[in-house]
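Work through the exercises below with the sequence and the 3D structure at hand. Try each task before reading its solution.

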Amino acid sequence: MAKSTGGRDGIAVMPVGEVPELAVKIVATHVAEAFQVPADVLPACELPRESLDARRLQYDAGRILGALERRAFAGYRKVVAVFSVDLFIPIFTHVFGEARQGGRIALVSLARLVRNVDGSVPSPAVGWTRAAKVALHEVGHLFDLPHCQDERCLMHFSGGVDDLDQTPLQFCRYCALILHDALSAPPAVSGRTEPAPDGP
Amino acid sequence: MEDRLSIMIVDDEMIVRESFRYWFEKSGHRVDTAASGNEALEKIQGVAFDLLFVDIKMPGMSGIELLGIVKSEYPETMVIIITAFGSIESAVKAMKLGAADYLLKPFKPEHLSLVMEKVVQQRRLDSENRYLKGRLDRITRFENIIGQSEPMEVIFQMIPEIAADEASVLLSGETGTGKELIAKAIHAKSPRANKPFIAINCGAIPDSLLESELFGHQRGAFTGAHRTRKGYLEAVSGGTLFLDEVGEISFKMQVDLLRVLEEKKICRVGESRPMDVDFRLIAATSRNLEKQISRGTFREDFFYRINVISLTIPPLRERREDIPLLVDHFLEKFSNETTKHVDRATPDALALLGRYEWPGNVRELENAVERAVVLSRGRTLDVSDFAFLQTGTAGEGEARSLIEAETNHIRKILRECDGNVTHAAAVLKINRVTLHKKIKRYGLREGAGKKEKPET
C-alpha cells in the first residue's frame, strides 16, 4: 500500500485535473511496491491550461514536464503526475506517458488506457493495471533505465494497449539490477526547501 | 540497449528536435541535432552518423537536397524523411534518392518503433555483410600470399587489374614460388569468383589421361570408360581453369587446347557433337617456353594464345626481405595445425634462413619450418633447428635419412640433366609423373643445383 510519509526520498503521486481516485491509489501502490520506497498521494492540482494545444485538442507533455520541473515537491525524489486528458509530444499522435531520462517528473495519461484498440471499454481493473505499468515504465526512465529489448520486461517499449497488456508487471533481471543500484545510490537532489506547491 | 545508434535530427523546429532527442535517449541512442541542412553537413564531416531524421521543409537547403548530398557522399548513413506536409511526389523523390523511410508528422509511437527496428536490422545486415566480405577477402585473396618486398607489391597491384580482364594469363616462375596461389587470387578477384576454380597439374597427369580429364568422355569411348564423364573444361563452366606446368603438355594436346581457346567449344572423347564452354585460362610454367618454341617442343601459336598477359613470380632468393614474414606466417600455421606451440625464430635462425639459396622457394621454406617445428623442443626455433639446411649450400651434404638421401640424389640428377624432368626421370628409371610429385613434395625445382636459370 502507498504510505503517507511526508518524509524525504519517497515518490509523490499527484493527480492533475479530474482523475479517478482509485486510479491514483493503484499507481501509488505499485510504485511503492516496485521501487521499495514510500509513495505519497498528493492533493490534486489543476490542469495547466497553457499546455493545451488548441489545434490538436491535446495537452503538450513537454510543456507540462517543463512546468512541473520548475516546482519544488520538497522531500520527494521523484514525482508521478496522473492525468485523465490525452497527452502528446510534437512528433507523436499521443503518448501514454512521458519522462526524461534521469529526470524527476513522470507523466501518465489514462485517456487512451481506458479504451481498447477497437474502441470498446475494458473493465476499470484492466485500465488501472495499464496505468500502473506505464507509471512504472516512466519512473524506470527517471532512474535512468533505457528501453529494454526483453519483451517480458516493463522497460520494453509498448506502442499500443495490446502490447501493454502482454507486458508483465515486472522488470527483467538485468533492469532490476540496474534499478537496484540506482535506488541504492544517494539521491542527487531531494527537492528544494520550499513548501510543496498546489499546482503546476 | 544492444544496438546503440548515432542519430542526428535535422529540423528547423526546436521542439521537434528536442522531442526526438528525449525519445531516442530513452532507447540509449546517441543523439545530435541540427537546425539546418548546412549545419547537418558540417557535423557529418566531423562525426559519422548511422541515421539521420530530416525534415523536408527547412529554410535554405531543403531536406530533399540534404538527402541527395548525404546519400552521394556518405552512402552508409541511412536517412529517414519526416514531414508534416506529405505528398506522393516528395515521397517518391525521397525514396528514389535513397531514403530509408518517409514519415508523416505526427506519427504513432509504435510506428517509429517499427521503423527503428527496421533500421537496426538493416545496420546488422550491413555490418554482417562487411564482416563476411572482409573475411572472404582475407581467406580467398591475399592472406596466403605473404610479402611486402617490392617485387611482391608490384604483383599485388597487378592482381586486381589482371582479374578484371578476360584475357588468358601466363604465370612464370620457379617451382614453389606460389603460382597457384596467385592464380587463385586472380580468380577470387575476378567477376568469375563465384564460379569454380579448377587446377590441373599437367606434369602430374600422364598424357594419355590428360585428354579425357580435360575434355571428358562418352561411355564406351575407350577401354575402361564405363560411364560418361564430364571433363574439367565442362565442369569449370563460367569459372577459371588453371593449367600448371603447361610446358609439359604434349604437342597434340597443345593443338586441341588451342582450338578450344579459339572456338570456345569442345567435344567429349568419343563424341562428335561439340558443346559450348566458358572459362578463363590461367596457365603456369617453371620452364622457359620461348626456348622450348625455338627447340620445336612448344607450339608458338599456342604460346601466344596463352601468353596474352604475362606475370613473372620472383624466386624467394630475389625477395629475401620477405623471409621473416613468411617464417612468422608458417609458424602460426603449424602452431595451429599441431600441438606444438612454437611461435618465434631467433635472429640467428632468421639470418641463416635469409642466407640460404632456397632452390625450392617458398614451398621449401614452408617444409623447412614445418620440419623444424615438429622436431623442436622449445617454443623458439634456433640455428640448430635448421641444421638440416646447413649440409652444403644446396643441402647436399651427408644424408642422415632416406628422404634426405633421395632429395639430394634427385637434385643431383636434375642438375646433371640440366633441369629437364623427362631426362632426369629416364636416368632415375622412374615415371616422369612420379618425379614431378617428388620434386613438389621435397620442394625442389627442376633446375635445382644449376647455376643459371632452370630449364632450357
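**Exercise 1. Why is the sulfur of Cys153(A) too far from the closest cysteine sulfur for a bond, and in which residue does that sulfur lie?**

Before starting, note that this is a predicted model, in which local features need pLDDT of at least 70 and side-chain atom pairs count only at pLDDT 80 or more, while totals for chains, interfaces and linings use all residues. Residues are numbered from 1 along each chain as its sequence is written, chains are lettered from A in the order in which they are written, and side-chain values use heavy atoms, with hydrogens and water left out.

Step 1. A disulfide is a covalent bond between the sulfur atoms of two cysteines, and the rule applied here asks for a pair of cysteine sulfur atoms within 2.5 Å.

Step 2. The closest cysteine sulfur to that of Cys153(A) belongs to Cys172(A) and lies 3.7 Å away, which is too far for a bond.

Step 3. Cys175(A) is in no disulfide either, since its nearest cysteine sulfur, again that of Cys172(A), is 3.6 Å away. Over all chains, the search finds zero disulfides.

Step 4. Cys153(A) has 0% relative accessibility and therefore counts as buried (under 20% relative accessible area with a 1.4 Å probe, protein chains only; exposed is over 50%), and Cys175(A), at 2%, counts as buried too.

**Exercise 2. Which side chains meet in a salt bridge between chain B and chain A?**

Step 1. The count between the two chains is one salt bridge, that is, a side-chain nitrogen of Lys or Arg within 4 Å of a carboxyl oxygen of Asp or Glu.

Step 2. The side chains are those of Lys26(B) and Glu98(A), at 3.0 Å from N to O.
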